[in-house]
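Hi,

Here is the model I said I would pass on.

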2 protein chains.
Amino acid sequence: MTTIKDVANRAGVSISTVSHVINNSRAVSEESRQRVEEAMAELDYQPNTLARSLRRQQTQSIGMIVPDIANPFFAEIARGIEDSSFQQNYSIILCNSEGDLEKQVAYTNLLIQNQVAGIVFVAAGVSTELVEDLQHREVPLVVVDRAVPRVEVNSVMTNHNQGGRLATQHLIDLGHRRIACISAGSGLSPSADRVTGYMETLWENNMPVNKKLIMHGDFQYESGYKAVHTLLDLPEPPTAVFACNDLMAVGCISAAAERGLRVPQDLSVVGFDNVRLASFTNPPLTTVSQPMRQIGTLALELLMERINDIDSPVRIEQLDTELVVRRTTAAPRHTD
Amino acid sequence: MTTIKDVANRAGVSISTVSHVINNSRAVSEESRQRVEEAMAELDYQPNTLARSLRRQQTQSIGMIVPDIANPFFAEIARGIEDSSFQQNYSIILCNSEGDLEKQVAYTNLLIQNQVAGIVFVAAGVSTELVEDLQHREVPLVVVDRAVPRVEVNSVMTNHNQGGRLATQHLIDLGHRRIACISAGSGLSPSADRVTGYMETLWENNMPVNKKLIMHGDFQYESGYKAVHTLLDLPEPPTAVFACNDLMAVGCISAAAERGLRVPQDLSVVGFDNVRLASFTNPPLTTVSQPMRQIGTLALELLMERINDIDSPVRIEQLDTELVVRRTTAAPRHTD
DNA sequence: GTGAAAGCGCTAACAC
DNA sequence: GTGTTAGCGCTTTCAC
C-alpha cells in the first residue's frame, strides 16, 4: 500500500502539502502541485478512507436497511437511494433485515460501529423502540414507506390513501358496482390506508361498503389467488377487484383464468405498486404506480439534510401515486 | 461518542485491559472482566470499526458490484452474497455499475480506498483490463456469472450449456421437432453457452439445426415478444421455443396469446433463470433454474478463501442447473 | 494479570 | 507558500 508519506517523499514535499493538494484546502504553488500529482499518478496512490474518516470524525457511508433486496419493490427504492448517494459521493452499506427485529438491532449496531453518517430504514417492522433509541443517540435517520407511530422522525412515503382512491374511482367510472378489495398486513401497514381510500371513495359515490367483498391477504401471490376463488363463490360475486399490491393482483388474474373467466371482460383487476412485472402479465396489469425511484431519491435528500444539521426540522413527505391503465380493467358486462 | 478510554476510566482499569476483554485476546481476571462489561453496558459502548480496521490493517467489508440491483436475477444473487457475508461478520458495500465501465472503475477505486477486504463482481461487462489491474494490485476478487477471457480469476457461474441441453431435451422428449431458440447478448455471454447446449442436443438427437429458428434477443421482454411474432410468420413455424431467459419467455407467451394461440397446446415455451416471476405467469412458466442464492454463497466462499490467502489457487466453479417443469410445455398437437 | 506507549494513515492547527 | 506536530480510537508490543 502506498501512503501519503510515500507520495510526499517521491514528490520531495511535505506530507501536509500533499494533503492540501488532495483536498484543495490551501494555496499550493503550481510547481509543488504538479510534482505531487505526478507522484500520485506514478505510485497509483489511493487515499485511505479509514484514516481520513477517523481523523475527520465523519464518514461518507450510509446504512440502508431493507427487508429483502430481492423484493422488486424494495429493490427499486434501493436503486433510487444508491443512485443519488453515488452522486453525492456516499457509499451504501446494504443490510437485509427480513423484517426481523433482532437482525435490525444487530445491523443497526454494526452500522453505528462503522460510523455511518446516517441510516435509511426501508419499511417492514420498523420498531418504534428502535427508532426512538436511534433518535436518542442522535443518529441521522429516515424511514421509508412506513409511518412510525408516536415518533417524530424524518420519513418519506407514498400517499396510499390517494392511491386507493384512484384505483376505486377508476373502477366506479367504468361502471362497476360490486368492487372487491384485497388488503394485506396489519392495521398500521401502508395497505390499510389503501383500503381506507377504497372505502371512502365508495361512500363518496353513495355506494355501500360490503364487508364480504373485503378480503385479507398477505402481499403474496397465493393470497390474491385464494381470495378471488372465495369471492367468485359468493352468491353475488364482484365484477372488479382492487388488490393492494401487484403480486396479489397477478394471483387474481390466475384464479380468474382458472375458472374460465376472462380478464377484463368478466373480471376487472387493479393492482398497486407498478413493479416491472406489471407490464408483463397477461394481459398487462392496470395498477397504481408508486414513484419508487423518487422515493429513494427523496429519502436520501431528507437524510442529507439531517446529516448536515442534526437539528433540522423533521420532515414527513408524502408522494402522490398515479393510475396506470393497462388492459386488466374494462366496463362490466351487465350493469346492474 | 463513548470511546474505549471512557470505558477504561469508568471501570477503573487500563485501556489495554478493556481492549483485551473485547477481543478476548489475553487472560483477564474475573473481577476486571466484570467491571469492564458493566462499564460497557452502562455507557452503551460501540467500538469504532474505523479505528480498529486502521490499526489492524484489515476491514470486515467487501464490495459488491452488480449491474442493477433492481434486476431480479442479480438481486437474488446479491441476497446470497449478503446473507453469507452477514453470517461471517462482513458487511457489503453495494455498487450499481449499470454495466458501465467508467462507473466500474470509479467504484473499484472507491472500494479500494475503503480498504475493502475483497470485491465481488457480478456479471455484465466485466472488463478484462479492470480485472487484470485488480489482480495485479492483489485485491481479492471473484467474478460471478461471467467468464473473463485470458485471465485466471476466481469465478463462479452456472453451467449454461447443461441448462440449454436440459431445456432442449425436455422439448424433444415431448415430441417437438421444430424447436426455436431465442438467444441474447454477445458471443461471450452466458447466453451463448445456452444456445450451444441447444444446438448440441439437437445434433445428438439427429435433428437438424435450422438457422431460421434461432433468433437474437436482448434479455428484455420486448425481444421475446417480437421474436415469436417473426417465428410464427414462418412458413413452417416452430411448435416450441426455448428463450434464453424468463423475461423473454414471458414475451413469447404474450405474443402467442395475442395471436390466439394457446400455451402450451399450440406453442410450448421454456425460459431460463427461474426468477420469482416465473411462478406467476399465466400459465406458470417451465424454465431452467439457476441456483442464484447458492451462486452468491459460493462466490463469498471463494472470496473468503482468497482473503485468507491471497496466493490460494484459482478456483473456477460451475453450478448445475435444474429443469423446473410447470405448465408452458406439452406435446405438440400434430407430430409430423 | 496488568499498564504504558507506540503507531496505523490521515488532517488541521500552529508555526514560520 | 510550506513544514512540523498532535491526535482521531484502537491494538499490540514491551515491560513489569
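This is a predicted model: local features need pLDDT of at least 70, side-chain atom pairs count only at pLDDT 80 or more; totals for chains, interfaces and linings use all residues.

Below is what I found in it.

Residues are numbered from 1 along each chain as its sequence is written, with chains lettered from A and ligands numbered from 1 in the order in which they are written.

Chain A first. Its secondary structure comes to 12 helices and 12 strands (DSSP runs numbered from the N terminus: helices are H or I with at least four residues, strands E with at least two). The C-alpha trace spans about 90 × 40 × 30 Å along the principal axes.

Now the contact with the other chain: 36 residues of chain B touch 35 of chain A (contact means C-beta atoms, placed from the backbone, within 7 Å). On the chain B side, helix 5 gives the most, with 7 residues. Strand 2 (residues 91-96) of chain A also pairs with strand 2 of chain B, antiparallel over 3 bridges (DSSP has to find at least two bridges for a pair). There, A:Ile93 stands opposite B:Ile93.

As for DNA strand D, 29 residues lie around it, and A:Ser14, A:Ala27, A:Ser29, B:Ile4 and B:Ala51 come nearest (near means a C-beta atom, placed from the backbone, within 6 Å). Helix 2 (15-23) and helix 4 (49-56) of both chains A and B each give two or more residues to that surface, and helix 2 of chain B has the largest share, 6 residues.

Cheers

Notes: Two residues are in contact if their C-beta atoms, placed from the backbone, lie within 7 Å.
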